[in-house]
Amino acid sequence: MARQLVRGERQYARVSVFPFLLPYSKMRTSALLLSAALVLGGCQPQPTVRIGFIGGLSDRYADLGSPAKHAVELAVAERNAAGGINGRTIELWSRDDFQDESIAKEAFQDLVQLGVAGIVGPMTSSMAVTLAPLADAAQRVIISPTAVTSELSGRDDHFFRVLPSADEY
């Protein structure tokens, strides 16, 4: 919508991007646009919740790590189908530890850099002993579904396990 305004001998073309705002004053227009921006700003998608997985996926412990990864994937899919966590979608980031301490440490640091809230795994006690100090330093929770070493018992740290320690069997 263009209108011609005449001032003296010059002509100015005025194009209104928001023609419904023409009857309002500049103050009202500004207030209306600010209100709309605030309302639409609340409509932005929520950031995702990132969760990590570390386990043996390609070595001799793949029979332990692969089913655990699939279980976590299923849990994430079910939770997302139910609306996620307070409306936030969950993303799963997986890393293979190859049952190697240095690779497991790199995998952990990579997941921390990605901003995961917590990590499921590792699957073996030896990798849990390796990663527990890193979890404390990074203040990330590690939940191992299968590590049973008593070496990690009785500590006030960020390592949690699903099974009791081997001493309790």
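Which residue just after H3 takes a positive phi? In this predicted model, in which local features need pLDDT of at least 70, side-chain atom pairs count only at pLDDT 80 or more, and totals for chains, interfaces and linings use all residues, that residue is Gly-115, with a phi of about 85°. Residues are numbered from 1 along each chain as its sequence is written, and side-chain values use heavy atoms, with hydrogens and water left out.

Helices (H or I, at least four residues) and strands (E, at least two) are DSSP runs, numbered from the N terminus. Helix H3 has 14 residues and reaches 20 Å from its first C-alpha to its last, close to the 20 Å expected at 1.5 Å a residue; the expected span is 1.5 Å times one less than the number of residues. The buried residues of H3 (under 20% relative accessible area, with exposed meaning over 50% and partly exposed in between; 1.4 Å probe, protein chains only) are Ala-104, Ala-107, Phe-108, Leu-111 and Val-112. These residues lie on the same side of H3 because they cover an arc of only 135° around the axis, taken from the directions from the helix axis to the C-beta atoms. On the other side of H3, Glu-106 and Gln-113 are exposed.
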